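Here is a short report for a first look at this protein. Keep the structure open while you read.

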Amino acid sequence: MKIKFVNEIPQWIISSDVAAYHPHTKTIWIRNNLGWRTIPTLLHELTHWFIHKFLGNNEKLHNKLDRKI
Ligand SMILES: [Zn+2]
C-alpha cells in the first residue's frame, strides 16, 4: 500500500476531491494541504484499505464508513 500526497487529486478519481483509496493500485491519494484534517482523512482512507485487504472488501462496511463522515 502506498500513500501519495498531491496538490490535486487526479481527475480520474471521482469519489472525492480531498482523498481516495484506489484499490487497483493499492494507493491512497490525499491532498497535501489539508492541515489537521490530514489525520482523520488518512484514517478514513486507511480504513477503506483495511476493509479491502483484510475484510473481503465488504461493500456494506465501505458504505457504513462513508455514511459516517
Ligand atoms: Zn470513504
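## Overall fold

The protein has two helices and three strands. Helices (H or I, at least four residues) and strands (E, at least two) are DSSP runs, numbered from the N terminus. The order from the N terminus is β-β-β-α-α. The radius of gyration is 11 Å, close to the 11 Å that the globule rule gives for 69 residues, so the protein is as compact as a globular protein of that length. That radius is taken over C-alpha atoms, and the globule rule is 2.2 Å times the number of residues to the power 0.38. Along the principal axes, the C-alpha atoms fill a box of roughly 30 × 25 × 20 Å.

This is a predicted model, in which local features need pLDDT of at least 70 and side-chain atom pairs count only at pLDDT 80 or more, while totals for chains, interfaces and linings use all residues. Residues are numbered from 1 along each chain as its sequence is written, and side-chain values use heavy atoms, with hydrogens and water left out.

## Surface and contacts

The protein exposes about 5,100 Å². Carbon and sulfur atoms supply 57% of that area. Accessible areas come from the Shrake-Rupley method with a 1.4 Å probe; for residues, only the protein chains shown count as cover. Of the 69 residues, 33% are buried. Buried means under 20% relative accessible area, exposed over 50%, and partly exposed in between (1.4 Å probe, protein chains only).

Contact means heavy atoms within 4.5 Å. Among contacts with a separation of 6 or more, 37% join residues 24 or more positions apart.

## The zinc site

Three residues coordinate the zinc ion: His-44 (NE2), His-48 (NE2) and Asp-66 (OD), at 1.8 to 2.1 Å. Their spacing along the chain is H-x3-H-x17-D. His-44 sits in helix H1 (residues 38-54) and Asp-66 in helix H2 (residues 59-68), 22 residues apart, so the pair links distant parts of the chain. Donors are N, O and S atoms within 2.8 Å of the metal (3.2 Å for Na, K and Ca); water is not among the atoms, so sites may look incomplete.

His-44 is buried, at 12% relative accessible area. Asp-66 is partly exposed, at 40%. Helix H2 also holds His-62. This residue is buried, at 14%. Beyond its neighbours within four places in sequence, His-62 contacts His-48, Ile-51, His-52 and Asn-57.

## The hairpin

S2 and S3 pair in the antiparallel sense over four bridges. Two strands pair if DSSP finds at least two bridges between them. Ala-20 has Trp-29 in S3 as its bridge partner. Four residues lie between the strands of this hairpin, and Lys-26 takes a positive phi near 50°.

## The nonpolar cores

Which residues form the largest nonpolar core? Its eight members are Val-18, Ala-19, Tyr-21, Ile-28, Ile-30, Leu-34, Leu-42 and Trp-49. A nonpolar core is a set of buried Ala, Val, Leu, Ile, Met, Phe, Trp, Tyr and Cys residues joined through side-chain atoms within 4.5 Å.

## The N terminus

Met-1 lies in the segment before strand S1 (2-6). It is partly exposed, at 43% relative accessible area. Not counting residues up to four places away in sequence, Met-1 touches Tyr-21, Lys-26, Ile-28, Leu-46 and Trp-49.
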